[in-house]
Amino acid sequence: STIRTATATDNVGNGPGNLATFTTVRDTTAPSAGTVSISEAATTMSVSGTTIAIATPAANATFTVTWTSITESAGVASISCPAVGGFSAAAGGSGNTRTCTYTATGSGYDADGASTVRTATATDNVGNGPGNLATFTTVRDTTAPTVTNVTSTLARSEEHTSELQSH
């Protein structure tokens, strides 16, 4: 940090007089961390913590990843969304809260059962970066649901049985 003093001289040559003293600090740190959350808007997706499981996504199905409390004193200028095959990405948000909204293109989803960690990066208003933000994970959901212990009770009604037999 550097201590600086502002001075002034008036129109008739009085001065220089000290107006104020202030400290400048050079910011050389890229944005980092933040808290990540995910919201999905499709029945073919489910979220658990910072992981989103995606079955074959329908065209235009979306999910949004949000970073809050990004550590940055100069303010976040931009965010770069990590690629997810089969999805287009759009960056949004403002200040130290930023988002990446992903929209399925209808083909080419790339996880193939694997768990893939994704990292967005951000640059601050004075050009530091890119710095890594908190990660999120995508996984291809290829497992069909299973049903166990299913029991059924059928009640037979004479009136209903007679009605069915007459058809």
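How many of the 10 residues of S11 are buried? The answer is 7, so that strand is mostly covered, where buried means under 20% relative accessible area, exposed over 50% and partly exposed in between, with a 1.4 Å probe and protein chains only. The structure is a predicted model, in which local features need pLDDT of at least 70, side-chain atom pairs count only at pLDDT 80 or more, and totals for chains, interfaces and linings use all residues. Residues are numbered from 1 along each chain as its sequence is written, and side-chain values use heavy atoms, leaving out hydrogens and water.

**Overall layout**

The protein has 1 helix and 11 strands, taken as DSSP runs numbered from the N terminus (helices H or I, at least four residues; strands E, at least two). Along the sequence they follow the pattern β-β-β-β-β-β-β-β-β-β-β-α. Of the 167 residues, 27% count as buried.

**The sheet around S11**

Let us look at where S11 sits. An open sheet of 5 strands runs in the order S4-S5-S11-S10-S7, with mixed pairing; two strands count as paired if DSSP finds at least two bridges between them. Its edge strands are S4 (45–48) and S7, each pairing on one side only.

| Strands | Sense | Bridges | Residue pair |
|---|---|---|---|
| S4 and S5 | antiparallel | 4 bridges | Val47 and Ile52 |
| S5 and S11 | parallel | 4 bridges | Thr51 and Thr137 |

In general, strands of a sheet pair through backbone hydrogen bonds, either parallel or antiparallel. The hairpin of S10 and S11 has 6 residues between its strands, and there Gly127 takes a positive phi near 90°.

Leaving aside neighbours within four places in sequence, Val65 is in contact (heavy atoms within 4.5 Å) with Val36, Ser37, Ile38, Arg98, Thr99, Cys100, Tyr102 and Phe136. Across the protein, among contacts between residues at least 6 apart in sequence, 55% join residues at least 24 apart.
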